[in-house]
Amino acid sequence: MPQLSPDLQQQLSTRVEQCYQLVERKLGRKFPRPQVLTNQRGRIAGCALLQKNTLRFHPLIYQQNQAHFLEHVVAHEIAHLVVWQCYGKTPPHGKHWQWVMNDIFNLPALRTHQYNTDNIGIRTVRYRCLCAEIPLSMNRHNKVIKGAVYCCKRCKSPLKEITEM
Ligand SMILES: [Zn+2]
Ligand SMILES: [Zn+2]
């Protein structure tokens, strides 16, 4: 896993803090700062580990899309943590989350981000059936895009790409 430069680490921390200050000003309460990891893999730009109050970002997707990533992905994942801490379990991109994105961060509430990940050395794409997560090769993934359907040998259900951030 490539290391981020100290400069990019610093910009990431600064953006996280900026988002929390916006949230705290709007909601009038304090939030514990999350642990921020940069070891996300696959084609996922980032994720929020709710119970652990942890954010995990993909170092290469960040490096290749710096300004957009800082603005959108960081806010997106922090919104998940904030909603979890305020309301507990809710639909992942439901109305609370959308409200944080729109009214606190002043950003569109997009579920996923379409970054070009052709050049980050990913050879598999995450899919899931009803019983498990199953990686598909890029070759098979490209066939799915053109209409092919693969099924799990165990549960027989069709594999669907995991697009959740
Ligand atoms: Zn299955
Ligand atoms: Zn999300």
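**Exercises on a predicted model**

Helix 5 (residues 138-145) lies across strand 4 and strand 5, and its direction makes an angle of about 90° with strand 5.

**Exercise 1.** Determine the strand order of the open sheet of three strands, and state which strands are its edge strands.

*Solution.* The order is 5-4-6, and the pairing is antiparallel. Strand 5 (133-137) and strand 6 (160-161) each pair on one side only, which makes them the edge strands. Strand 4 (residues 124-128) pairs with strand 6 in the antiparallel sense over two bridges. Within strand 6, lysine 160 stands opposite arginine 128.

**Exercise 2.** Check whether the end-to-end distance of helix 1 (residues 6-27) agrees with its number of residues.

*Solution.* Helix 1 has 22 residues. At 1.5 Å a residue, helix 1 should therefore span 32 Å. The C-alpha atoms at its ends are 32 Å apart, so the two values agree. Just after helix 1, glycine 28 takes a positive phi of about 65°.

**Exercise 3.** Assign the buried and the exposed residues of helix 1 to its sides, and identify elements that cover the buried ones.

*Solution.* The buried residues of helix 1 include Leu12, Val16, Cys19 and Val23. Because these cover an arc of only 65° around the axis, they lie on the same side of helix 1. On the other side, Pro6, Asp7, Gln10, Ser13, Thr14, Glu17, Gln21 and Arg25 are exposed. The cover over the buried residues of helix 1 includes strand 1 (35-37), strand 3 (54-57), helix 3 (66-87) and helix 4 (95-104).

Terms used: Residues are numbered from 1 along each chain as its sequence is written. Chains are lettered from A and ligands numbered from 1 in the order in which they are written. This is a predicted model: local features need pLDDT of at least 70, side-chain atom pairs count only at pLDDT 80 or more; totals for chains, interfaces and linings use all residues. Helices (H or I, at least four residues) and strands (E, at least two) are DSSP runs, numbered from the N terminus. The expected span of a helix is 1.5 Å times one less than its number of residues. A residue is buried if 20 or more other C-beta atoms lie within 10 Å of its own, exposed if 12 or fewer, and partly exposed in between; C-beta atoms are placed from the backbone. The arc is that of the directions from the helix axis to the C-beta atoms. Two residues are in contact if their C-beta atoms, placed from the backbone, lie within 7 Å. Two strands pair if DSSP finds at least two bridges between them. Axes are lines fitted to C-alpha atoms, for helices over the stretch in contact, and angles run from 0 to 180 degrees between N-to-C directions.
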